[in-house]
Each structure stands twice: as structure tokens, then as C-alpha cells.
Amino acid sequence: MPTAEQDRTSRRLAWCVAHLLRHAPDHVVVDMTRRLDRPTLKYLCRDEWLAASTVTLVLRHAGADDRGYIARNPRVVGRPLPGLPGPARYARRRTPPELLPLLRAELGRDPGAQPLTTAELTGLLRRHGRRGPRVPLDVLALPHALAPEPLLAEHSRLPLPAGSVEALLLAADLPREAVAGLLAVPAAPADARSWHRPAVRAVRMGRLTHEELVTHVAPARHTLLLGHLPARRSLRWTLPEQAGMQTAVMRALRPLGDDPRLWAELLRHAPGHPGPLPALVAGVVDGTLPEPDGAEADPELTRAVRHLAPTAAEPTGDVERELALASLAVPMESVEEDIRWVRDCLDRGLLTGIDVIRHKLPACWALDEDHWLGEVDHPDRHDHAGAVLAAHAEAYRLLTVALGEDPEAWWRTARTLPDFAGTLPHLLLRVTEGGSVSGRP
């Protein structure tokens, strides 16, 4: 039986690993969860705020016990987990009686007499998916036989409406390759306001991770917009999901580096490029893309690219700013006082989320926005969304520059983080250069 000290050590390591996994590539997430001992993995799955992609990968690769721990984690919400509402709820959905006569007229037969074929189901989904997933879910509640290959072939020939694709993600038991194929076909022009919903739903349902979404979504402009999705009264990213999508898009854009010429070429080619974002980035870097067709970037796309591009802008404040930066390294008398001070500096423009990640110590507190914005009952309720997204972007940049995609380096950082008293850049310097990793005076 573990001692109290071993239990505290496992809990703290799980807390630190949860924050590191927000910024790690998918293969590093899988590798790190496999390295954790049983108590630490239990605390990670049962007690910590977990990024959407981390939950998806743990459910995909972990055992039944870990799935059960995640299902009981009150901080994992909105996901189809064991013991929680999910696809089974939609499978039990009953078709409203008033819809049946319309479907009978369209099919030329009673839709309940025998299961709908893939062709019949596709035709109904194409006609009834323009106003969201509600009617397509009613259609999918009818007996049907759905074959993924013909469905994808028909979707490639003429894209299904976004509402029907969303309904398929919710209620149909499609393999991962079919889900990726549904998202790899550009949405129809009529779905100009709802094209993003299937992508958000795919991540929230645990069908794909953010990184897999970036790989498959087409066209590339949609992926860039998902990385900085404008606020709208519709299904949208929560703040943690937006941070995860931003990180995944920034990872795909990393080959562009800090070269303004390459970023200008990206913005010039993005409006008309039909393929996914990684192919666009590779073509921009290699200079192999054909001349664009003349389509110009709309304001939303321009704003998204500028948000994702590296910037050297610094807030003003002179002496007050220097004092604010210095205060990040000096603990206040209480956590509440420290939070009030940081929030006040953010409100006055003296600090940004980037400054917190670079200068606040210890590093594990800098990575956890609850320690500098105040604890909330859900990460989406932080009232400084811009600071949170900037902090996540800077943490991703620092961790990726220092650790790359080497699972061993990420694991050394995770083992060092719980007891390190310095800043995140100091930690990464010690881990990558070797030697003592003690940050204590």
C-alpha cells in the first residue's frame, strides 16, 4: 500500500503531466501515459482537467479501468464516455410521426417496412440536413444498413450538408477512416454558417484528436479558421478546445518559421487551396504551388492567420511593466493576493499571457491558469480568454523549440516539473542541457 508521501508524489506528477499533455503531439501523449505508474495514471484520468485530445487518446489506447476513471472524472464534460450519455442515446431516438409521410413520399415506400439502403439513406440525408442535425438524426433513427465506402463515395461526389455530417458523427458507428473522409470533403456553399460544426463535433465526440483534424479537414482555409474560430451563437469550441485546436494548427504551421515572406504566401494561397493545411504549408515552403486563382482572403481568414503568426509586439508600461514582470518571480503573502495582482496587471495591459508563461515561477503554476487567474468550476469560464490562449501558444512554442517531438525529452520534463522552482524557460534549459535540475535556491 502506498505511503502518504508516495500518494502526494503521484498526485502532483499527474497534475503536472496533465498540463504538459495540452501542448504535446499525439504520439508523445500516448508514450507518456504508458510510462506512468498505475497510481499516477489513475489520478490523471480520475481527477485532472484533461484536454479533449488527451481524453480521446486515453480512451483509444488505455484499459477498461482507465476508461472507468475518466467516466467518473467530473472535470471531463460533454463526451460520450462509459456511463455517460453518448451514441446509444441517439440510437434510441424515435422519428416524429409527422416526418414519416414526407419520407414515405420521397422514398416511394414505407420507410419502416425494411431497412433503408445506403443510397436511400444518403438521399434523405442530402435533402434534410440544411437546418442542423435534428431531422437527420430522426432519419438515422429509422432502420437502415449503412456501408461506409458507398457513403464516402457519394459524399465525395456531392458533399452532404453539414447537419447530416454532424448527425452521422453523433449517431452512426463509423470507423475512424470514414470520419476523417467525411471531414476531408469541403462543405457545400449553402453551409457557410455551419461548416465548422462537424469538426467541433468530431473532437467533442472523441472521434478525432485536434492533430488528426488538422491532417484531414479541407479546404485549408477552414483549418486556419478553426484555429481562431470567431465567437458566434452556435456550436463552438470551448476555451480549452480552442486552445488545443490553436496548438494543433500552430504545429502544422511550424515549417513556416518566422519568415514573413512564407506567411504572406500562405495568406495568398489559402483562400483557393482545396487540400488540407499540411499540404498547403508544404507547398508554400517548397515553392511548388501553382499561382492562385485570384481569390482574396476575407477578413476572418486574415484575422485568423495574423492571430496564428509569430509576433514581436510587446505591451507598453515602462517602469510599471518592469515591476509587474519582476512581481511574477516574487510570491505574494497568499494565493488570492497573487491572483488579484496578476489579474489587475492583465487588465491594465502591463502583462500578457506570454509574460506569465515566461516569467512566473514555479513553472508548474505558470502552466496552470487557475494559479494566476483564479480557480473556476470549468475552464471555459475564465474571463481572460485572450490571456489564456496567448499563454497556451507561448507554452507550445517554448516546449516545442526545446523538446521537439522526442518522447524521452518530454518525459524528462514531466519528471522534473513537480519539484522545479524556476521558470519554464529555465526548466527547459536545464532539461535539454543536462546537469542538475534543481531550481531551488
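The mean positions of the 54 positive and 56 negative charges of the protein chain lie 6 Å apart. The model is predicted.

**Overall form**

The protein chain contains 27 helices and 0 strands. Its radius of gyration is 24 Å, close to the 22 Å given by the globule rule for 441 residues, so the chain is as compact as a globular protein of that length. Along the principal axes, the C-alpha atoms fill a box of roughly 80 × 60 × 35 Å. Of the 441 residues, 52% are buried. The chain exposes about 20,400 Å², and carbon and sulfur atoms supply 54% of that area. When contacts between residues at least 6 apart in sequence are taken, 72% of them join residues at least 24 apart.

**Nonpolar cores**

The largest nonpolar core has 65 residues. Those with the most contacts inside it are Leu168, Leu213, Leu224, Leu226, Leu253, Leu266 and Leu277. Helix α16 (residues 239–253) provides the largest share of this core, with 6 residues. Another core lies apart from it and has 63 residues, including Ala14, Cys45, Cys345 and Ala366.

Leaving out residues up to four places away in sequence, leucine 277 touches Val214, Val217, Ala220, Thr223, Leu224, Val249, Ala252, Leu253 and Leu266. Threonine 223, one of these contacts, belongs to helix α15 (residues 220–227). Its relative accessibility is 0%, so threonine 223 counts as buried, the cut-off being under 20%. Beyond its neighbours within four places in sequence, threonine 223 is in contact with Val214, Val217, Met245, Val249 and Leu277.

**Helix α8**

Helix α8 (residues 118–127) is mostly covered, with 7 of its 10 residues buried. These are Thr118, Leu121, Thr122, Gly123, Leu124, Leu125 and Arg126.

**Cis peptide bonds and loop prolines**

| Residues joined | Omega |
|---|---|
| Alanine 218 and proline 219 | about -5 degrees |
| Leucine 361 and proline 362 | about 0 degrees |

Proline 219 is in the loop between α14 (210–216) and α15. Proline 362 is in the loop between α22 (353–359) and α23 (363–367).

A further loop proline is proline 418, placed between α26 (407–416) and α27 (424–433). Is proline 418 buried or exposed? At 10% relative accessibility, proline 418 counts as buried. Not counting residues up to four places away in sequence, proline 418 touches Arg12, Leu13 and Cys16. Between proline 418 and alanine 324 there are 94 residues of sequence separation and a C-alpha to C-alpha distance of 25 Å.

Terms used. Residues are numbered from 1 along each chain as its sequence is written. This is a predicted model: local features need pLDDT of at least 70, side-chain atom pairs count only at pLDDT 80 or more; totals for chains, interfaces and linings use all residues. Side-chain values use heavy atoms; hydrogens and water are left out. Helices (H or I, at least four residues) and strands (E, at least two) are DSSP runs, numbered from the N terminus. The radius of gyration is taken over C-alpha atoms; the globule rule is 2.2 Å times the number of residues to the power 0.38. Buried means under 20% relative accessible area, exposed over 50%, partly exposed in between (1.4 Å probe, protein chains only). Contact means heavy atoms within 4.5 Å. Accessible areas come from the Shrake-Rupley method with a 1.4 Å probe; for residues, only the protein chains shown count as cover. Lys and Arg count as positive and Asp and Glu as negative; His and the chain ends are not counted. The place of a charge is taken as NZ of Lys, CZ of Arg, CG of Asp or CD of Glu. A nonpolar core is a set of buried Ala, Val, Leu, Ile, Met, Phe, Trp, Tyr and Cys residues joined through side-chain atoms within 4.5 Å.
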